[in-house]
Amino acid sequence: MGRFTKPGQYLLLLAYLIFLGFPLLWLISAAFKSSAELNSLRVNLIPTDWHLANFPEALAKQGLVRSGLNSTIVAVTTTILVIVVSIPAAYALARFKGKLRTLGVGWILTSQVFPVILIIIPLFIILKNLNLVDSLLGLILVYTTYTMPFALWMLQGYVAAIPKDLEEAGAMDGASRFKVLREIVFPLLMPGIVATAMFAFVSSWNEFFFALVLIQTPDNYTLPITLKMFVGGEGKVALGPLAAGAVMAAIPSLVFFGFMQRKLTGGLLAGAVKG
Amino acid sequence: MNKRTSQLLALVGVGALALTACTSTGGSTTPEASPGEAVSSAAPPAEKVDLTFQSLSDQPGAIAATEAVVKKWNAENPMVQVKIVPAGWDGVYDKLVTQFAGGAAPDIIHYEAASVIPFALDGYLADMTPYISEDMKSDVNQGIWDSVTVNDQIIAVPTELQSYMVFANTKMLKSAGITVPTGDTLKWDDFRAMAKQATTGGQFGLGWGLKSPTATFMSLGLGNGGVYFDGEGDTAKVVIGDGELKLPNEIMAMNTEDKSLEPSTLTQSGGDVLAGFYAGKYAMTVQGSYQAANIAKDAPEGFEWAVLPALEGTKSAAQSANPQTLSVNIDSKSVEQSAAFVNYFASAENLAALNTADALIPASKAARDLIAEQTGGKDGWTEILASGDHLEAAPFMKVPNYTQWKDTVATPAFQTFLAGQSDADGLSKALTDGWTQINR
Amino acid sequence: MTDTAVRPPVTTRKKTTTIARTERREAIALVIPATLPILIFSVFPLINGIVLAFTDATLRRNVESNFVAFDNFARLVGDTMFWESFRIGLVWSISVTVLQLVAGMGLALLLNADLRLKGFTRVLALVPWAMPPVVVAIMWKLIYRQTGPLNAIVSAFGGPTNTDWLANFDTALPAVIVVGVWVGMPQTTITLLAGLQQVPMELHEAAQVDGANAWNRFWKISIPSLRPIVAAITSLNFIWNFNSFGLVYVMTEGGPGGRTMLPMLFTYLEAFKSKHLGYAAAMGLVLVVFVLILMSFYLWSQFRKDKD
């Protein structure tokens, strides 16, 4: 943004990052504090003495590694399924107008508005009849279904943002529809696909309610369920181990984001497309 | 296309209706309990039975104690194998609602009386009356049994309890010239006078975390005869009189007249208030009895504290009992074997081990004696165990809409009152009007 | 269900019926893979839920439910507590959605600008995503509590030292709104950032040659190209926010004094705590219809601008 003063931009960015990052910083600090320090009146970011015992305690008590693995399986599979299924459907939703579109939009919005609590019991019964309660596969199918409306909705937004002339120009050059999609639409859509994939990943990685109700045995727990086990009756929270567990649980997602954000660049490709 | 879509929708609609019907009529076979035959060790079944036991134990000691009991049972009963399915306190209510409605609830259910009674009222829990051993029956106060009895059926076996106790910083009390009270009970007026006397130079006599005030008022209110509800079941009504308003009024008086109550603690949770207690901001705090274990662990070195005798209101030292419980799913494959396991689980030895780990009060006298012996009464155990004698059933637990009233009416109304934004009349009106609104 | 949804803009292009038919067949082929799980796991339970609104269904064991037509809705009209929560829900979702859009747009522009440590700052901007909601709620409770860091900061600047942000009648709703914005920031930012990346460079370059300044280019080029994406994300954000309750439930349980009782939280209590499934479903349906009408207006106006 050319003339906009650089120092001002850095300052603003710093303010954003403090707002967004501070809770994580506080979480990390809590992970290294002893129970006595966490329950004292002192407010300090740097723990007075570094209490490392929270980490082994978090790892030992609640099967954190196992549930981390489960969460990874569920989140990655869901992401792939959602993206593969949504891209063609989103294209259709954006480009073909008609009853189908109205129906699709109606379903997308309704399914996002209707309270989950009223859906959960019939859903539970359906999954029970399909023998999919307490299974990661069941969870994947449910997450895929409930992430799809969002994915479709966002992707159709990105498709709609691609000027139609580009496709028509391609078609005029005699390219087949498939070729037009692959060589013109798809590359332009890449940042949108990446953003949508990140969301699909995060929402299944973090989801709590479906997992709470559908998963029964600890072997199949996902991370949010395991972390919630640190919260006891009467609000007795094992804060130190919970913070330690949460910090460890955050690392895989941060690595994933670091990897994905590189793919969020579309500027390169835009140059290849002459309108 | 259009036609086909609407046909499809119609078809799905019919299916959905059928499904609704299924939900409401599912699981119609009711294994009837056979009274008389009864008692603790049921005859082994002809075929091997697998039972699931959803346990909420979260302290390492309690988890170990639970696992040990189950292991022993499984070894002694090869035909009835119990499997522990751990669950967390937070969220277990939602989980149970879905499990019951979906016909997939565990056989043996660990929970607490106030939360499990709604499931009993909805017909999901087996009557355990015929299965409970005579020893157990006589060893637990009638008041506690009443708290798990619904329509003359015992629907759960009580295991662990808590009471509200006054914790005191004895150094601060002494320096204010107060002798630490002893005896069976502590009269409320004496307690209030103590708090006033201990309020000196920036220090308060009392810190009381009343962020979620309803449970406290419902429980301690009993000592003033404050029962809040008249009647049981669907016909119950909220009645607010002097007994009910006594405790809220007293607390407000301590806050505004005596100025002996640190006002900011009123919006905090009990656990948060402890930080100020350790720091010497107030000499006393009212907490759940289990906090004794946390105080023993978290208090700074040299911190001198004691648990005071149970608080006595205008009528008695009664508090409402809301025990942790073990219940049996009425649709369980084997109600009889499940109940036998619950009986086994509730032996004095097992309950003592469990309650020591959780810092709670066992439901049975035998288990309380065992703990008193094992701990020598240290860390407040003497006073805490003694408070177990004052625990009674309270009417609110048998009222089907209590939880909703508590969340949407009572808690907001008490919070508004404690914030000084309404007076006793306003509180009483809010509580009764809210009840009418819910039951319209 | 669909009649309130968006009318597609009328295409002015002339089409022969054959093309239309081919297009339709293509469309169906493209959509089919998505429909099966949707029908089983979403449409079916959804319709079941809608049907419940016209019954007196409860969660009791072995109780037949009866068709009661519009009784639930008639009762709902006089339910002042529900409408109060509806009002709070509107304040909550509109403020969170608007703040998310403004703050997210600002951050997306910064992350899209040519600044140092781009990869690092982009990951940091996603921190709220890396914390499961279970932890988020507990974290913010720690920050907001009387002995928490926020009060330490406020008092360092001479403010009061012991505000209990989540329990104070005036600060509770703003406090949860801040958390709502915080939680939704990564979503909005990343979506807009991807949209900005998608704007063909040539347009900017051409405008720069024409002498347009940064502000002008933002309004004349970025915003119009982003419109479908902005429409998509704000509509979804609004729906999600209107729909959310888990976070607020853990932080305040709807308190103090009902100040943060969001409508979904209210519906949840009615369904799961009082077990009046039918009545709760009626609440849910009212919320759905309200949001759909609102969304239709919004999307319709957005698509119309699109046509201009």
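Guide: Let us begin with secondary structure. Helices, of at least four residues, and strands, of at least two, are DSSP runs, numbered from the N terminus. Please note that this model is predicted.

Visitor: What pattern does chain A follow along the sequence?

Guide: Chain A reads α-α-α-α-α-α-α-α-α-α-α-α-α. Its secondary structure comes to 13 helices and zero strands. The C-alpha trace of chain A spans about 75 × 60 × 30 Å along its principal axes.

Visitor: How is burial to be read, and what percentage of the residues in chain A is buried?

Guide: A residue counts as buried if 20 or more other C-beta atoms lie within 10 Å of its own. In chain A, 52% of the 275 residues are buried.

Visitor: Why is strand β3 of chain B described as largely enclosed by the rest of the structure?

Guide: Strand β3 of chain B covers residues 108–112, and five of its five residues are buried, so the strand is largely enclosed.

Visitor: Which strands pair with β3(B), and in a parallel or an antiparallel sense?

Guide: Two strands pair if DSSP finds at least two bridges between them. Strand β1 of chain B, residues 49–55, is parallel to β3(B), with two bridges; here B:Gln54 has B:Ile109 as its bridge partner. Strand β16 of chain B, residues 324–328, runs antiparallel to β3(B) and is joined to it by five bridges. In this case, B:Tyr111 has B:Thr325 as its bridge partner.

Terms used: Residues are numbered from 1 along each chain as its sequence is written. Chains are lettered from A and ligands numbered from 1 in the order in which they are written. This is a predicted model: local features need pLDDT of at least 70, side-chain atom pairs count only at pLDDT 80 or more; totals for chains, interfaces and linings use all residues. A residue is buried if 20 or more other C-beta atoms lie within 10 Å of its own, exposed if 12 or fewer, and partly exposed in between; C-beta atoms are placed from the backbone.
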